[in-house]
Amino acid sequence: MIARILDFLYPALCELCQKSLQNGRAICDPCAQQLPRIRDPFCQNCGEMFEGNIEGDFQCQNCLGLTHDFHFARASLRGLALPFHLVHSLKYRRRFFLARDLATFLKEAWEDDPRFRELGEQAILVPVPLHWRRQQFRQGNQAYELAREMAKLTKLPFSNAMKRTRSTRTQTKLNRKQRLSNLRGAFRIKKRALAQLRGNHVILIDDVFTTGATAHECTRILKHEGKVSKVAILTLVRG
Ligand SMILES: [Zn+2]
Ligand SMILES: [Zn+2]
């Protein structure tokens with residue numbers, strides 16, 4: 001807790017170039033502008049960006065033959081070194097003050113993508129939950145911090161509606177199929193969130209979208225248990 005307060009009080013250097021900052025920001029403007037955005041053309045399912053010109057809507061090779069329960073997944077930044085550095089700082093180094101600046105990139109993608117407009121102004125921002133034990137260890141949940149800051153920027157409703165009931169082993173070395181079975185039954189909806197969710201749309205917030213297994217499993221629970229109508233995924237990075 002004290003480390004966290006100190007982090008909030010002294011975020012005086014740009015997280016990327018170490019230049020000193022005075023405006024309460026954590027990333028300077030030149031660094032923020034340099035971060036590699038995901039722009040058209042990108043996969044309409046998973047948000048993977050492609051070099052070159054492809055006209056119209058398309059699906060990437062990864063998504064061919066896959067069914068996702070979610071409406072679509074969109075990410076703000078490409079899975080390159082600088083975005084991953086920022087995610088790492090936020091997630092493992094407890095630099096939660098970064099969430100405020102990082103949420104501005106989420107907002108950019110949200111504003112840029114007309115499919116989010118179709119979900120309306122009342123789509124609820126829901127963070128992907130961590131198991132309480134892992135959250136205690138990390139002293140916070142990066143997705144929660146991102147979603148809360150995003151809610152402040154966009155005025156969209158926020159609900160920490162999900163919980164992770166089972167601690168799952170780390171997913172980094174697993175493929176999509178293994179991840180899906182690893183995650184099966186790991187999430188639940190909090191009882192007090194049910195009334196807010198029912199019949200509404202959700203924008204699920206996470207730091208990174210990799211295989212889509214987490215997004216898929218959370219969507220399944222949001223729809224089955226939460227009775228949510230549509231779930232879109234918004235992440236900071238497309239890994
Ligand atoms: Zn900088
Ligand atoms: Zn795709």
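## Phe72 and Phe116

In this predicted model, Phe72 and Phe116 are both buried, where buried means under 20% relative accessible area, exposed over 50% and partly exposed in between (1.4 Å probe, protein chains only). The structure holds three aromatic pairs. Rings of Phe, Tyr and Trp (its six-membered ring) are paired if their centres lie within 6.5 Å; planes under 30 degrees apart count as stacked, over 60 as edge-to-face and the rest as tilted. Phe72 and Phe116 form one such pair, edge-to-face, with 5.0 Å from centre to centre and 70 degrees between the planes. Phe72 belongs to strand 1 (residues 72–78) and Phe116 to helix 5 (residues 114–118), so the pair ties together parts 44 residues apart in sequence.

## Tyr144 and Phe158

The ring centres of Tyr144 and Phe158 are 5.6 Å apart and their planes stand at 75 degrees, so this pair is edge-to-face. Tyr144 lies in helix 7 (residues 142–154), while Phe158, 14 residues away, lies in the loop between helix 7 and strand 3 (162–164). Tyr144 is partly exposed, with a relative accessible area of 23%; Phe158 is likewise partly exposed, at 25%.

## Gln142

Helix 7 also contains Gln142, which is buried with a relative accessible area of 4%. Apart from neighbours within four places in sequence, Gln142 is in contact with Leu90, Lys91, Phe96, Leu130 and Asp207; contact means heavy atoms within 4.5 Å.

## Overall fold

The chain has 10 helices and six strands, taken as DSSP runs numbered from the N terminus (helices H or I, at least four residues; strands E, at least two). For 239 residues, a compact globule would have a radius of gyration near 18 Å, and the 17 Å of the chain agrees with this; the radius is taken over C-alpha atoms, and the globule rule is 2.2 Å times the number of residues to the power 0.38. The C-alpha trace spans about 45 × 45 × 40 Å along its principal axes.

Of the 239 residues, 51% are buried. Among contacts with a separation of 6 or more, 75% involve residues 24 or more positions apart.

## Basis of the model

Residues are numbered from 1 along each chain as its sequence is written, with chains lettered from A and ligands numbered from 1 in the order in which they are written. In this predicted model, local features need pLDDT of at least 70 and side-chain atom pairs count only at pLDDT 80 or more, whereas totals for chains, interfaces and linings use all residues; side-chain values use heavy atoms, leaving out hydrogens and water.
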